[in-house]
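Dear colleague,

Please find below the structure that I am handing over to you, together with its sequence. My findings follow directly after it.

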Amino acid sequence: MLVETLDDPALVIDARGAIRCKNERIERLLAAPGAPILPLSPEGDRVLLPPAPAAAGLAWLEALLSGESDRAEVDLPGEGSGAPRWAVRGLSCAIGGGRGALLRFIDLGERRAWEHQRRCAQVIESMQLGCTFLALETPEDDRSIRYVYMNPAAGRFSTRPVAEIIGQTMDESAPSLRRVGIPQRLAELIRSGRAVEDEVVLPPEAGSRVVKTWSFPVGARCLAVIYDDITERRATEESLDRARILLDGIIENLPLLLFVKEEAELRYVRVNRRFEEFHGHAPGELLGKRVADYLPEALAATIDAECRAVLARGVPVEIPEIRIISSRLGERIGHVRWIPMADARGKGRYLLGLIEDITERKKIEDAERHEAILLETQRRLLDLIQELSTPSIPIHPGILVVPLIGQMESSRGAQLMESIVRAIERHHAEFVIIDITGVTSVDSAVASHLLQATRAAGLLGAECSVVGASPGIARTVIDLGIELGKITTHRDLEAGFRYALARKGYVIAPRAARRA
């Protein structure tokens with residue numbers, strides 16, 4: 001009959017409670033002392049039904065037998081006040097033309113254990129981490145470690161289907177793992193019964209991946225290994241570490257004083273080495289401190305107020321020159337930039353400060369500015385001296401006299417030409433008389449400059465003449481073979497002036513004798 005095939009203890013009763021059939025499991029249950037079973041008659045051949053006093057609480061069974069309900073499931077009360085261990089599942093049925101019921105008795109403890117195992121299996125099957133169960137068949141031989149289970153996520157770590165791997169030893173499935181000591185390490189864990197968290201780099205044949213593992217024993221000679229592929233995460237972490245090292249290197253080697261303050265209390269959360277040295281503090285000593293911890297109270301209050309004002313406005317502020325105080329160097333001049341910042345989530349604002357100590361630069365700039373003023377003054381004095389050394393004197397409309405005094409050298413000869421050209425343009429001169437009465441000596445270079453000055457004057461429409469040559473200069477010109485070309489010469493200034501007036505069309509007549 002059907003009742004004999006059931007795995008649970010079961011029996012069938014008719015409408016009067018008589019037991020019509022039962023299986024061996026119910027026989028053993030009924031024979032067990034104190035079994036939490038339905039109330040039976042003294043003979044044990046039927047179930048007591050209401051209104052028998054022992055049948056209190058069996059209304060559900062009476063409903064099944066009467067046809068009021070098709071099925072029912074209830075927990076049977078445990079011994080004393082303990083939790084129920086058994087439940088009965090009833091199903092209404094027909095027996096010999098009348099009503100009856102099939103009753104199955106469920107061991108709640110076994111059912112709870114089975115459901116717990118099922119839920120654990122569901123978790124393992126659905127989790128994203130790989131999970132593998134390994135068995136060490138021979139404790140002394142790490143080559144006998146064998147795969148007994150792999151969840152679907154574990155399949156992503158293998159190039160072969162999971163079904164092909166289950167049942168194989170680790171050496172059969174992935175021989176390259178032995179080169180990095182994985183079978184040996186897992187066998188040792190099984191033998192020692194220890195739980196270990198580890199990080200493993202797989203060999204190239206297995207993809208050179210970085211795997212995070214959690215290994216723990218599960219029964220005799222069996223080990224569970226949960227693992228996660230952290231290759232990309234580790235690469236990201238290494239990239240972030242490199243970026244952090246680079247950023248730290250930039251910050252520490254900036255030729256600026258750098259600090260970062262948090263908004264709430266304006267405490268330092270980052271400072272660079274130059275900032276610490278500027279204030280005479282050891283590395284890390286300023287972290288968590290405020291300005292008031294190392295500067296005078298009044299000055300610290302002013303700095304805090306300025307910092308809060310920048311944070312309130314939310315825009316960077318630059319101050320080209322400001323007085324700054326160093327605990328080690330005293331008063332200095334700084335170029336300050338204050339920049340409000342937010343974190344990656346846009347919260348927790350910070351203030352970045354960049355300070356350039358420009359004290360020495362200001363000293364150099366001031367010295368250079370003073371030197372430039374001196375050089376400009378010197379240049380003007382030299383211009384004045386040069387101008388005085390070759391003066392251009394208008395003695396008549398259109399007539400200039402350029403008196404030369406002292407020794408003529410090449411540099412002064414070059415300046416002569418420039419002076420004559422400027423004077424002709426300024427006075428609109430037609431005649432230039434170069435008076436060399438006071439010149440002590442000339443050479444071929446000076447003569448060349450005189451010729452160039454004459455030709456330059458001619459290009460501007462003016463005529464040049466030289467007057468006042470001494471006998472010594474005349475001999476020097478002859479001895480050196482200096483060719484004066486078409487330069488007009490006169491004995492003295494008066495003769496040259498007369499010549500110029502005559503060229504302009506004036507007639508010079510003796511002044512009439514004054515009447516008596």
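Please note that this is a predicted model. The protein chain carries 66 positive and 73 negative side chains, and the centres of these two sets are 5 Å apart.

As to the overall fold, the protein chain comprises 15 helices and 20 strands. Its radius of gyration is 58 Å, whereas the globule rule gives 24 Å for 516 residues; the chain is therefore more spread out than a compact globule. The C-alpha trace spans about 195 × 60 × 50 Å along its principal axes.

The protein chain exposes about 30400 Å², of which carbon and sulfur atoms supply 56%. Among contacts with a separation of 6 or more, 48% are accounted for by residues 24 or more positions apart.

One residue was examined individually. Asp14 belongs to strand 1, which covers residues 10-14. Is Asp14 buried or exposed? Its relative accessibility is 8%, and because the cut-off for a buried residue is under 20%, Asp14 counts as buried. The side chain of Asp14 reaches the backbone nitrogen of Arg16 at a distance of 3.0 Å. Leaving aside residues up to four places away in sequence, Asp14 touches Arg20, Leu65, Ile95, Arg99 and Gly100.

With kind regards

Note on methods: Residues numbered from 1 in each chain as written. Predicted model: local features only at pLDDT ≥ 70, side-chain atom pairs only at ≥ 80, totals over all residues. Heavy atoms only, no water. Helix = DSSP H or I, 4+ residues; strand = E, 2+ residues; numbered from the N terminus. Rg over C-alpha atoms; globule rule 2.2 N^0.38 Å. Contact = heavy atoms within 4.5 Å. Areas by Shrake-Rupley, 256 points an atom, 1.4 Å probe, with all protein chains shown as cover. Lys, Arg positive; Asp, Glu negative; His and termini not counted. Charge placed at Lys NZ, Arg CZ, Asp CG, Glu CD. Buried < 20%, exposed > 50% of the residue type's maximum accessible area, 1.4 Å probe, protein only. Polar contact = N/O pair within 3.5 Å; in protein donor to acceptor, adjacent residues only side chain to side chain.
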